[in-house]
Amino acid sequence: MDLSVINPILLFAALMSAATPILFAATGELIVERAGVLNLGVEGMMIVGAICGFAIAVETGSPIVGFLAAAAGGALLSLLFAFLTQITLANQVASGLALTLFGLGLSALLGQGYVGIKPPRLPDVNFGFLADIPLIGPIVFSHDPILYVGLILVAAVWATLKFTRAGLILRAVGENHDAAHALGYKVVRIRTLAIMFGGACAGMGGAYISLIRVPQWTEGMTAGVGWIALALVVFASWKPWRVLLGAYLFGGITQLQLNLQGAGVAIPVEYLAMSPYLITIVVLVILSADKSAAPGSLGRTFHASS
Amino acid sequence: MIRLEKRPQPSRTFAYLTPLLAVLATFFFGGLLFAALGKDPVASILTIFWEPLFGEFSFYYRPQLLIKGAPLVLIAIGLSLGFKAGIWNIGAEGQYIMGALFGAGVGLAFYPAESFLIFPLMVLAGGFGGWLWAMIPAVLKVKFGTNEILVSLMLVYVAEQFLASMSLGLLKNPEGFGFPGSRNLQQYDSAHNAEIIVGSGMHWGVVAALIAVIFAYVLLARHRLGFAVRVTGEAPRAARFAGVNPSRLILFCLGTSGLLAGLAGLFEVSGPAGQISIDFNVGYGFTAIIVAFLGRLHPIGIVLAGLLMALTYIGGDIAQSQLGLPAAAIQVFQGMLLFFLLALDMFTNYRLHFGRTEAA
């Protein structure tokens, strides 16, 4: 065992990249849940995003187009969930599970021809002299553009929820849909848009795994990241900045456990690989005492007559 | 203008009709999917749903129906109790794995001793393993209010890693020439879950599934605990007034579903699968969720739904080898079925109202 092979600077740099898929998915789900909808289909939308992004990036040769396609794919799939829960008023838990099961199958079907292919690479952003700053340079200024898009997304979501009228309406719909309906807001329409936003974000997160983190396509490659993202929203008490913090925490654990595997620690690989899931459970236990922050109408079906 | 109107009472007709309609809709859209993949839709559907039952080789496939259906029904029966009460165990896959590991572990510990006691001990250990794994989310929910959906699901991934570790380590066959995987229990008489009637597909897992169905039916229809399950799901507030203890109900529902999933794992590993290996689990724990919903969370319905799902597995395999239909297409097909079911379920609780919307 040789822990000195773990370079802290590289670890921190890799941590930001490891956190990005979770960050995208959790930020999207945060908006969905703030609108009062619990979408358990994050894993399914992520994996569909992963293959859509991968396939389109390979076909067009442009990773950016790939990411856009991933967002579109995730949003399209989430429309199925929106139809089930908003139009036919199905149970949200069951519909979310259905979305995940369907998404896993669909992605495997779409991805058949793409196993073992290398996707086009997305070059890192050139920050010029900033990248040469010792310590901070390699950690903060040496990444691909999508990672920064993720950070901007968190800031944008935070600002939208806190300062804008749209954010206020979204929160109103989530806290009390009957009151929001009485005020004349289109609950179903707002929620559908929120669900689509969540789908697009999850799709981007999935594509980040298949195009940048791995980069390759394998069936079921999201391996529970979508579920961790769901846990993260609870962890974050539905606050954007805490999603960022939580994503970096989980990214750090994932990366550290990968590095420990590489360093040949005496703990078997399988037990190290369990750690992100176990830590998610521990975090959920610690934070589950406080549910006051949850949106008031979360998971409840809205029907204008009731 | 089409409007939804809430029915004063859920429609019984539609409660029975929606699963059938969902199956028909899935046939139709599944056929479109197969056509999009360049396969003859009618031939595909017939290969999946007709061939295993009435085709040339049906004598081989019919027993498979019991072999594949038993774990699905066993798991789905357990899940349905929780789903009825609004307790969501979606980690049955993990409980299934742990049941198999515990059960096979006990069996392999006795190797090569032969005794008629070994198999019953394995059954107990298998049930215990699944129960234990389900108790983690149950206790956490009762003690700390932790979300059981997320915890039970996280434990699937933990169990999968555990399975890999066991098949590469502790339970690895010492005479297996270094290949991962345990000894084959089919070659170890005392631990083998053999067919009770040769060639029928009827092994002890099928018996267990039938017993579970009968127990669940009696429980829900006649027993106080079944009443508690139903009333908690339909009217949680009323349940509290009726003196239902929510904590005990959570422990009971999650525990039972874990137990049954564990048993399913044990019967699979000691019978059809034969050994612990890295890819031992094939997703029965997740498909069972579809089975539970498709069966309307009703024991008899679950048996029918379980057989139908088993049919898609078997027929899917045939279609894969004969028509080159990708395995993933069957997974999509199963997912579609759940979608249509959930969507059509609207008609159970609401009715469509045609005409102008009057001002509210």
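Is Ser44(B) buried or exposed? Ser44(B) is buried, because it has 24 C-beta neighbours inside 10 Å, and the cut-off for buried is 20 or more. Before I go on, please keep in mind that this is a predicted model.

Let me stay with Ser44(B) for a moment. Ser44(B) sits in helix α2 of chain B, residues 41-49. Setting aside residues within four places in sequence, Ser44(B) is in contact with Phe34(B), Lys39(B), Ala319(B), Leu323(B) and Leu325(B). For a sense of distance, Ser44(B) and Tyr61(B) are 17 residues apart in sequence, and their C-alpha atoms are 17 Å apart in space.

Helix α1(B), residues 12-36, and helix α14(B), residues 327-344, have axes that come within 8 Å and cross at roughly 140°. The two helices are therefore oblique to each other. Their crossing is right-handed. On the α1(B) side, the contact includes Thr18(B), Pro19(B), Phe29(B), Gly30(B), Leu33(B) and Phe34(B). On the α14(B) side, the residues include Val332(B), Phe333(B), Met336(B), Phe340(B) and Leu344(B). Sorted by class, this contact has 16 nonpolar residues, three polar ones and no charged ones.

Now to the two chains together. How many residues of chain A are in contact with chain B? The count is 41 residues of chain A, in contact with 40 residues of chain B. On chain A, helices α3 (63-87), α4 (92-110), α10 (225-235) and α12 each supply at least two residues to the side that touches chain B. Helix α4(A) gives the most, with twelve residues. That side of chain A divides by class into 29 nonpolar, ten polar and two charged residues.

One helix pair runs between the chains. The axes of α12(A), residues 269-287, and α7(B), residues 148-168, come within 9 Å and cross at roughly 165°. That angle makes α12(A) roughly antiparallel to α7(B), since the cut-off for that word is over 145 degrees. The crossing of α12(A) and α7(B) is left-handed. From α12(A), the residues that meet α7(B) include Glu270(A), Tyr271(A), Met274(A), Tyr277(A) and Leu284(A). From α7(B), they include Leu150(B), Met154(B), Tyr157(B), Gln161(B) and Phe162(B). The residues in this contact are 14 nonpolar, three polar and one charged.

Phe286(B) also touches the other chain. Phe286(B) is placed in helix α12 of chain B. With 24 other C-beta atoms within 10 Å, Phe286(B) is buried. Not counting residues up to four places away in sequence, Phe286(B) touches Leu101(A) and Glu93(B). Phe286(B) and Ile90(B) are 196 residues apart in sequence but 7.3 Å apart in space, C-alpha to C-alpha.

In soluble globular proteins, nonpolar side chains tend to be buried together. Here the largest nonpolar core has 219 residues, and Ile22(A), Leu232(A), Leu74(B), Ile75(B) and Ala288(B) touch the most other members. Helix α9(A), residues 187-213, gives the most to this core, with 15 residues. Take Ala288(B) as an example. Leaving out neighbours within four places in sequence, Ala288(B) is in contact with Leu72(B), Ile75(B), Ala76(B), Leu79(B) and Ala92(B).

Two loop residues deserve a look at the backbone. Leu89(A), in the loop between α3 and α4 of chain A, has a phi near 55°, a positive value in a residue other than glycine. Leu89(A) is buried, with 21 other C-beta atoms within 10 Å. Arg296(B), in the loop between α12 (284-294) and α13 (299-323) of chain B, has a phi near 60°, again positive in a residue other than glycine. Arg296(B) is buried, with 20 other C-beta atoms within 10 Å.

Last, a serine in the other chain. Ser17(A) lies in helix α1 of chain A, residues 8-34. Where Ser44(B) counts as buried, Ser17(A) is partly exposed, with 18 other C-beta atoms within 10 Å. Apart from residues up to four places away in sequence, Ser17(A) touches His143(A), Leu147(A) and Arg213(A). Ser17(A) and Ser78(A) are 61 residues apart in sequence and 25 Å apart in space, C-alpha to C-alpha.

Key
Residues are numbered from 1 along each chain as its sequence is written. Chains are lettered from A and ligands numbered from 1 in the order in which they are written. This is a predicted model: local features need pLDDT of at least 70, side-chain atom pairs count only at pLDDT 80 or more; totals for chains, interfaces and linings use all residues. Axes are lines fitted to C-alpha atoms, for helices over the stretch in contact, and angles run from 0 to 180 degrees between N-to-C directions. Helices (H or I, at least four residues) and strands (E, at least two) are DSSP runs, numbered from the N terminus. Angles under 35 degrees count as roughly parallel, over 145 as roughly antiparallel, 65 to 115 as roughly perpendicular and the rest as oblique. A crossing is left-handed if the near helix is turned anticlockwise from the far one by less than a right angle, and right-handed if clockwise. Two residues are in contact if their C-beta atoms, placed from the backbone, lie within 7 Å. Ala, Val, Leu, Ile, Met, Phe, Trp, Tyr, Cys and Pro count as nonpolar, Asp, Glu, Lys and Arg as charged, and the others, Gly among them, as polar. A nonpolar core is a set of buried Ala, Val, Leu, Ile, Met, Phe, Trp, Tyr and Cys residues joined through C-beta atoms within 7 Å. A residue is buried if 20 or more other C-beta atoms lie within 10 Å of its own, exposed if 12 or fewer, and partly exposed in between; C-beta atoms are placed from the backbone.
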